[in-house]
Amino acid sequence: MKLAWNKNSIVTRMIVMYSIPLIVFLIIVMVLNHNAQQRVKDEFILTNQHAFTQFVDELEQKIGLASDLKDVVTKNINLLEFIDSPNMSSESEFLGYYLDNVIPIIKYATAFSENSDYEIKVFLMNEQIPESWPYFFHMRHQQQHESIQSFIADEAATLMWLGVDNAPLLPKSQQADRKQYTLVSKLYSSTRQLLGLVTIMVAEQYMLPSGGEHGQDRTLLLIKQQQDAGAVLEDEAAGEQLQQLLQTAEVPQGYFMQNEFIYFYHWFPDIDETLVYKVALNELNASMSKSTSYNVLMIVGCFVIFIITCMLMFKLIFMRLNRMIAIMRKVIQGDLKMRIPDKRSDELGQLAQDMNGLIEMNNELIGNMLMKERLRKEAQIQALQYQINPHFIYNTLDVFRMRLIKEKMFWIADLLADFGKILRYNLSEQTHETTLGEELELIRKYMNLQKISTTHYIELELSIDEKLKKYPVIKFLLQPVVENCLKHGKNRDSKQLKIEISSEIRQQDIFILIKDNGNGIARQKLKQLNEAFRMPLLHYREQASRQGSSIGLQNINSRLRLYYGEQYHLLIDSEPGQYTCVTIRIPYQWEVETHGSHPNSR
């Protein structure tokens, strides 16, 4: 089945209808994918930042431990008193006190650190106290050390750190084979006299946090302020950015990304160096690629499911449409009993029900046409059966009327004249229509004839708008109803029968009411009659005959519906023993039919 692209076609509309949710779904998935990647990135940064924070805390603890060791020495009163005023009177006593009380202080402080990477050395201004390597040295060893001399000269300075390339000068035998950071502190007596310096020397490798991973993906570095950061980081752009951040940031710590690496940094003012944690983004990129792959697979899977669902829905829809088309073709070919077996509540189900209703309406119209044709043929047969030469009848009635006039029986002559006019009106075949006024005139003549055959007093009251009397109606619209009033409306308890004929206009219809004050109709009978008047014409005549309704009323009801439409039928209202009112409803089309003015217009 070839489908043309047409904006009004159901296929186009369905594609558009399904594409909008798909586009919305894709946008949502893209947003979720972006959020997922951002979440993976944030988790990666947070994890490494947490590790870097631990490194920072560990380095701060090591710097703090060096400061604690310095306090153990600089705040020991025995040591300060010995250095300030050593007892030199007895060499043996001096050496005993020196070996037993002073040197253990340094050993205790070193043991306190529980780490061989810390070394404590004291440089004495008083050279009378002999050196005791590796703990006590004379200050003269530092005469060539510019930083220490400047430190000593600065009376306000009490503490400083020396980098690994600026360690205190020591005898060759005491020089360490590894680079060390040095914490230098002044020793003062109780009188604020400089006694010497205390140095806490910490191995460079020990200063680096022990948990730092070194390799291609993760590297932990300490960068001196004067060093070329780009060379140390092996990335000039990263080095420049780090220097810029350290110079401009209020808090010299944080992270940045550069060339497939993320750099966490923290500046330590005590040692004037920056701890940098360099982490490759390979793991992050792999995680983000994995997340993207999952999302792409999910999108592809959902798209495939969407396409399959659309194809199945299209297939089901076109199967139902093709079944409808096949059944409609059979109906067109003449199989009027076919119906579309689709009871669903969706649009196609509603379309199927409407088509079934259309088939029913078509069958009813065909039935009405057949009934009209049958009624026409029946009328023709009846006309042939009762055909009499009208001129012979009219001439004979005129002869009788003239004879009655000669005999001076004028009232009978008038009645015979009325009968002749009624007969002439009845036998006229020129048209099926007349005016409402002519129908009312026929009723007057008919009532004059009926007064002869009854002892009841019959009163006829007409309340019809004069302009409506010119309105065209079908012949014999009122006479069968009036005849029915005379036949069934006589009340045994009353000598007077009153028949009222009135009219009114409601919206686009004329309502003609024929009311009598006769016996009325029983409620069950009234209900059956009104139901029969509303039945389809195909079954109306048989049903009306079984219920015993008046042939005249049947005739009027059938002609009303055939001539004006199914909705125009008789309606009877009655109260037993009080009244019966028959309502005739016909369409009001004054301008179309008469080209006159509206009766109610002013």
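Two strands pair when DSSP finds at least two bridges between them, with strands being E runs of at least two residues and helices H or I runs of at least four, numbered from the N terminus. The model shown here is predicted, so local features need pLDDT of at least 70 and side-chain atom pairs count only at pLDDT 80 or more, while totals for chains, interfaces and linings use all residues. Residues are numbered from 1 along each chain as its sequence is written, and side-chain values use heavy atoms, leaving out hydrogens and water.

**View 1. An open sheet of 5 strands.** Follow the order β11-β13-β14-β16-β15, where the pairing is mixed. β11 (457-463) and β15 (571-575) are the edge strands, each pairing on one side only. β15 and β16 (residues 579-587) are antiparallel partners over 5 bridges, and Asp573 sits opposite Cys581 in β16.

**View 2. The two faces of helix α7 (residues 236-248).**

**View 3. Inside the largest nonpolar core.** Such a core is a set of buried Ala, Val, Leu, Ile, Met, Phe, Trp, Tyr and Cys residues joined through side-chain atoms within 4.5 Å. Of its 53 residues, Val122, Phe136 and Leu275 touch the most other members. Helix α1 (residues 10-74) gives the most, with 11 residues.

Methods:
Expected span 1.5 Å × (residues − 1). Buried < 20%, exposed > 50% of the residue type's maximum accessible area, 1.4 Å probe, protein only.
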